[in-house]
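Biologist: I have the sequence and the model open. Can we go through them together?
Modeller: Go ahead.

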Protein chains: 2
Amino acid sequence: MTQSTIKDIARELGISPSTVSRALSDHPDISINTKKKVREWAEKLSYQPNSMAQNLKKKSSNIIGVIVPQVKHFFFAAIMGGITDIAYDAGYTVMICQSNENMQREIINTNALISHRVAGLLISVSQYTTNYEHFIQVQQRGIPIVFFDRTCEEMKASRVVVNDYGGAFSAVQYLIKCGYKRIAHLAGPEHLAISKHRFDGYCDALKAGHITFDKRLVVFGGLNEEDGVTGYNSLLEQADAPEAIFCVTDPVAIGAFSRIREDGFKIPDDIALVGFSDNPTVSLIDPPLTTVRQPAYDIGKTAAALLLEQIHLKSKKFSSKTITLETELIIRKSTRLIA
Amino acid sequence: MTQSTIKDIARELGISPSTVSRALSDHPDISINTKKKVREWAEKLSYQPNSMAQNLKKKSSNIIGVIVPQVKHFFFAAIMGGITDIAYDAGYTVMICQSNENMQREIINTNALISHRVAGLLISVSQYTTNYEHFIQVQQRGIPIVFFDRTCEEMKASRVVVNDYGGAFSAVQYLIKCGYKRIAHLAGPEHLAISKHRFDGYCDALKAGHITFDKRLVVFGGLNEEDGVTGYNSLLEQADAPEAIFCVTDPVAIGAFSRIREDGFKIPDDIALVGFSDNPTVSLIDPPLTTVRQPAYDIGKTAAALLLEQIHLKSKKFSSKTITLETELIIRKSTRLIA
DNA sequence: CACTTAATTGCAATCGTTTGCGGTAACGAT
DNA sequence: ATCGTTACCGCAAACGATTGCAATTAAGTG
């Protein structure tokens with residue numbers, strides 16, 4: 001029924017709880033005899049220490065909190081995999097919350113995690129988060145925090161990101177090399193760092209390729225599949241169909257992909273398409289998508305490792321660092337040489 | 001720096017911690033004046049209650065523990081979404097662990113969650129788990145437990161599953177109706193309930209279609225993509241290529257899909273393919289996959305709701321129930337009418 | 001004025017665990 | 001017989017919050 005405690009073992013053996021505690025932690029003051037008996041009874045009662053009591057005493061937990069927009073997206077799911085693997089190895093457990101791209105919910109999640117006195121926080125911010133007060137709060141409490149992917153540039157905090165700029169640049173550069181001239185960009189929310197960096201990469205690649213920027217070929221929107229179709233629609237409203245589209249994420253590319261096929265256009269013959277992430281899906285569609293690979297699982301591992309490092313440093317040397325992982329252009333069949 | 005406590009507020013106002021506690025919980029004994037001052041200071045110190053202390057006192061937590069094989073698989077990721085949504089609405093937080101299909105790790109995860117005194121446990125067992133001792137332990141402690149998808153039939157416990165048998169049956173029945181005769185089955189691990197049920201559905205559909213069962217057309221394996229390619233390989237070792245393959249999961253189907261394409265065979269002309277789950281990927285590949293849809297997000301929601309129900313019932317009326325969600329055959333282009 | 005009653009608040013114990021410090025017993029040494 | 005060691009072990013406080021009960025004060029009553 002109810003869980004057994006150190007006191008139960010103590011009562012059973014007619015000794016004090018302190019002795020049991022020390023016996024279980026192999027304290028030298030305790031005789032091997034007592035230790036053996038304590039361990040036997042602990043086993044017999046299938047005793048499991050109460051982490052809450054332990055953490056309360058220690059004034060620190062072995063929980064790391066994670067907030068992501070939506071777990072169901074492969075990118076975040078893969079990151080979660082990396083995080084939980086690292087946490088597991090370090091003896092930590094992870095508490096996960098999803099903001100559902102909603103700032104209010106993100107705030108509540110943050111407070112819930114604070115209440116649980118997480119040892120640290122791993123966050124990828126909601127695309128509609130515009131105010132960072134709740135994250136600043138976290139720092140003021142001395143809770144280590146590491147942002148990943150969707151970072152918060154306004155804050156002095158550690159981050160794990162990928163080379164968004166470089167990835168975007170090489171993707172667009174490649175399109176230009178293929179001979180495309182009218183290259184559109186389905187961008188993300190304007191205030192998000194990843195959007196900005198990928199947009200910058202797009203712009204600079206155009207510049208480097210001596211193609212003049214045409215703002216009618218850029219539409220800012222969201223990061224998910226539905227944004228791909230709405231984005232493509234508003235692209236067509238502003239101008240004639242472009243020759244190629246560089247999308248801010250794979251889901252956006254998938255959205256555009258479906259929309260394009262609906263129109264009966266052929267990829268890459270009528271229009272080329274490039275994504276960003278290399279989700280497993282995009283290599284299986286027809287034609288398989290050219291995309292910029294980012295190492296999702298490694299982002300999770302790296303972010304978790306960085307957080308653990310900060311946790312163990314105890315805010316001594318609070319040197320927030322940014323780790324940038326490399327991206328890689330994966331060329332598939334949704335783009336081709338023309339002219 | 002350090003988090004403020006009820007005592008800090010008490011000291012600040014020159015009152016006792018008990019009064020602060022009662023004020024914060026709006027106890028009628030406390031004067032509105034005191035309440036106002038307490039709330040002001042709580043706000044000023046950005047006080048967040050220490051859940052550990054609260055839970056220790058209450059001898060129960062507001063954490064629900066989840067163990068899944070791998071979060072990165074869409075099916076589980078989507079379920080996680082459902083779980084966290086329901087948990088959020090009920091004021092619970094979610095602790096997530098992944099077993100990585102490893103029983104030892106599953107055991108350690110279970111103990112970690114027990115240590116954190118989770119209010120309840122949601123589990124989808126690893127495909128290599130053969131011993132259920134650790135789950136029985138959980139029940140003996142009086143911790144509510146709900147299995148989902150990969151359930152544990154040997155135990156008297158609540159479950160949320162889909163109609164695996166019916167889904168498999170209708171899929172194979174459909175294949176027969178299409179005119180296929182040599183229908184193979186890439187099955188899952190033999191001891192897993194979902195494998196068994198889907199296999200049974202396969203068998204019974206054959207029987208109903210007056211097709212004699214050929215054991216060379218069935219290979220038992222794993223549930224993931226790699227198992228699709230190895231499964232397909234051993235299928236070819238045992239017999240000539242079948243006309244159609246019913247796969248135990250979408251990832252297995254994807255594995256077989258890639259393998260079949262490598263061989264230069266055409267789907268569905270040379271060979272038909274059916275999956276199970278309706279992961280988003282399979283509708284995008286070419287040809288889009290015929291599959292049995294199971295409502296992943298709803299499985300998560302249902303399992304979480306059922307668990308919460310059990311938690312609130314406090315083991316009073318311990319009536320373990322099984323909720324079966326319906327499946328739906330989604331017919332796409334990886335199968336066709338023949339002859 | 002003495003006494004009851006209502007309105008507030010504080011004391012102290014409790015949840016399960018940890019840990020500094022003090023205590024006891026046994027032993028050998030002087 | 002006295003003292004010092006050594007080896008074990010227990011007491012009690014503490015972590016932060018909650019809560020039954022007692023205490024205090026003020027107000028109301030006869």
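Biologist: Where in chain A does A:Asp26 lie?
Modeller: A:Asp26 lies in the loop between helix 2 (17-24) and helix 3 (32-44) of chain A. Helices (H or I, at least four residues) and strands (E, at least two) are DSSP runs, numbered from the N terminus. Before we go on: this is a predicted model, in which local features need pLDDT of at least 70 and side-chain atom pairs count only at pLDDT 80 or more, while totals for chains, interfaces and linings use all residues. Residues are numbered from 1 along each chain as its sequence is written, chains are lettered from A and ligands numbered from 1 in the order in which they are written, and side-chain values use heavy atoms, with hydrogens and water left out.

Biologist: And what is the phi of A:Asp26?
Modeller: A:Asp26 has a positive phi of about 60 degrees, although it is not a glycine. Most residues other than glycine have a negative phi.

Biologist: Over to chain B. Where is B:Arg117, which also is not a glycine and has a positive phi?
Modeller: B:Arg117 is in the loop between helix 6 (103-115) and strand 3 (120-123) of chain B. Its phi is about 50 degrees. At 12% relative accessibility, B:Arg117 counts as buried.

Biologist: What about the peptide bond from B:Ile267 to B:Pro268, cis or trans?
Modeller: The bond from B:Ile267 to B:Pro268 is cis, with omega near 5 degrees. B:Pro268 sits in the loop between helix 11 (250-262) and strand 9 (272-277) of chain B. A cis bond also joins B:Asp286 and B:Pro287, with omega about 0 degrees. The place of B:Pro287 is the loop between strand 9 and strand 10 (290-293). Most peptide bonds are trans.

Biologist: Let's step back. How many helices and strands does chain A have?
Modeller: Chain A has twelve helices and twelve strands. Its radius of gyration is 26 Å, well over the 20 Å that the globule rule gives for 339 residues, so chain A is more spread out than a compact globule. That radius is taken over C-alpha atoms, and the globule rule is 2.2 Å times the number of residues to the power 0.38.

Biologist: What does the C-alpha trace of chain A span?
Modeller: About 90 × 40 × 30 Å along the principal axes. Of the 339 residues in chain A, 57% are buried.

Biologist: How are chains A and B related?
Modeller: A rotation of 180 degrees, with 0.0 Å of shift along its axis, superposes chain A on chain B with an RMSD of 0.0 Å. The two copies are thus related as by a two-fold rotation axis. The superposition is by least squares on the C-alpha atoms of residues with pLDDT of at least 70 in both.

Biologist: Why do you say the copies meet through the same surface?
Modeller: Because 98% of the interface residues of chain A are also interface residues in chain B.

Biologist: What does B:Lys72 contact?
Modeller: Leaving aside neighbours within four places in sequence, B:Lys72 is in contact with A:Phe74, A:Ala77 and A:Ala78. Contact means heavy atoms within 4.5 Å. B:Lys72 lies in the loop between strand 1 (63-68) and helix 5 (74-89) of chain B, and counts as partly exposed at 39% relative accessibility.

Biologist: Now helix 8. Is A:Ala171 buried or exposed?
Modeller: A:Ala171 counts as buried, at 1% relative accessibility. A:Ala171 lies in helix 8 (residues 164-178) of chain A. Not counting residues up to four places away in sequence, A:Ala171 touches A:Phe246, A:Val274, A:Val292 and A:Leu329.

Biologist: And in chain B, what does B:Val172 touch?
Modeller: Apart from neighbours within four places in sequence, B:Val172 is in contact with B:Ile183, B:Tyr202, B:Ala205, B:Leu206 and B:Phe246. B:Val172 is in helix 8 of chain B and counts as buried, at 0% relative accessibility.

Biologist: Last one: where is A:Lys156?
Modeller: A:Lys156 is in the loop between strand 4 (145-148) and strand 5 (158-162) of chain A. A:Lys156 is exposed, with a relative accessible area of 56%.

Technical notes:
Buried < 20%, exposed > 50% of the residue type's maximum accessible area, 1.4 Å probe, protein only.
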